[in-house]
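Subject: Structure handover

Hello,

Please find the structure below.

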Amino acid sequence: MTSTGRDFSTIGVIGLGTMGAGIAEVFARNGYQVVGVELTEESLERGRQHVQHSTDRAVKRGKLSEDEQTALVGAITFTTNIADAKDCQLVVEAIVEQLPVKQALFRTLDGIVAPDAILATNTSSLSVTEISTATSRPGRVVGLHFFNPAPVQNLVEIIRTVVTEPDVLDDVAALARSLDKTPVICGDKAGFIANALLFGYLNHAVAMYEAHYASREDIDAAMRFGCGYPMGPLALLDLIGLDTAYEILDTMYKQGRDRLHAPAPILKQMVTAGMLGRKTGRGFYTYE
Ligand code: CAA
Ligand code: NAD
């Protein structure tokens, strides 16, 4: 599979958590080979299980045959050795939402992949410019922001910095379209488009819950049945992950100093207590 110039037949995905596993699945489902990298054997197995469960669901719903599922999962090389991504012309990073950790990873990746390869970050709020300066190729670093669940949501935000090369943007937009996603392009400001509009609302819902203004069920029901949202805000935060949501709000607050984004105190308390939402089985709600 070739986009303008670059051979995108094999894509690297670093971090196979809530987002990375879904992103790996999306690429594999659309004919790409994927090198999926995790930190430990345990987290690698969790990532593999995530892809397995998601595709099991598609098989049950008749959206995928068992043979297609086997081929899809087989197109992903699961590894803890980041050097296995060395031949990828595009690597998508989906690790924790912390700038120093991402910068360290981009420094490592910069020394592994070819000089003309593109390094993309799935960051929700961090500065793509600051991530790019950890590399020797800031012009070939972009934001490629998928939405949760990645196999379902059609949007991909492509974030350009002041130095992103135009052919890189073109290639990445073409790649997003090849995944049946709708790309939108925006500048490098915390929250980009969707999160800049969404997270004030989510934070406000947490503050309402914290103040015992209404129950979690009633807050969520109000937005589902009153406004037609597919999920209420507290259930959505559990899907996103409360640690990730906290980091996003904190970054947005530090950049814009808008009280709307000052993380509601209970969010930090829940993160500290290990209540991260669906991924740990407990957040605003409890999961099996
Ligand atoms: N992985 C893969 N597929 C999934 C899935 C998952 N985790 N969850 C649901 N699906 C699929 C189902 O298989 C089903 O597919 P088909 O239609 O092809 O059969 C479809 O999604 C609908 O699923 P369900 O009927 O089980 O459930 P639903 O109708 O309640 O939808 C939902 C579930 C898609 C999560 C829906 O509730 C929804 O869209 N919620 C809002 C999600 C949202 O707002 N996401 C953005 C978060 S912000 C973000 O991502 C940015 C950031 O930086 C934090
Ligand atoms: P997560 O905590 O669910 O998963 C992160 C994974 O990265 C973990 O499995 C961890 O083991 C792995 N990891 C950490 N450091 C690594 C390294 N150096 N090498 C390889 N693997 C490493 O996080 P998430 O929610 O999937 O978020 C990942 C990124 O995607 C963040 O930047 C987040 O802001 C962004 N994002 C999240 C959502 C969401 O709804 N959760 C939506 C869009 C974007």
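Strand β1 (residues 10-14) pairs with strand β2 (residues 33-37) in the parallel sense, over five bridges. Two strands count as paired if DSSP finds at least two bridges between them. Strands are DSSP runs of E with at least two residues, helices are runs of H or I with at least four, and both are numbered from the N terminus. Within this pair, V13 stands opposite G36 in β2.

A note on the source: this is a predicted model, in which local features need pLDDT of at least 70 and side-chain atom pairs count only at pLDDT 80 or more, while totals for chains, interfaces and linings use all residues. Residues are numbered from 1 along each chain as its sequence is written, and chains are lettered from A and ligands numbered from 1 in the order in which they are written.

The sheet

β1 and β2 belong to an open sheet of eight strands, in the order β3-β2-β1-β4-β5-β6-β7-β8, with mixed pairing. The edges are β3 (76-79) and β8 (182-186); each has a single partner strand, so one side of each has no neighbour in the sheet. From one strand to the next, the twist averages 25°.

The ligands

Around ligand 1 there are 18 residues, of which S124, F147, N148, P149 and P230 come nearest. A residue is counted as near if its C-beta atom, placed from the backbone, lies within 6 Å of the molecule. Two or more residues of this shell come from each of α2 (41-60), α7 (194-210) and α9 (233-240). Domain 1 (10-186) and domain 2 (194-279) both contribute to the shell, so ligand 1 lies between them. The domain bounds come from an automatic or database domain assignment.

Ligand 2 is surrounded by 27 residues, and the closest are G15, G17, M19, S124 and N148. The elements giving two or more residues here are α1 (18-29) and β6 (141-146). α1 gives the most, with three residues. Each of domain 1 and domain 2 supplies at least three residues to the shell around ligand 2.

A helix pair

Helix α10 (residues 242-256) packs against helix α11 (residues 265-272) at an angle of about 140°, with the axes 9 Å apart. Axes are lines fitted to C-alpha atoms, for helices over the stretch in contact, and angles run from 0 to 180 degrees between N-to-C directions.

Regards
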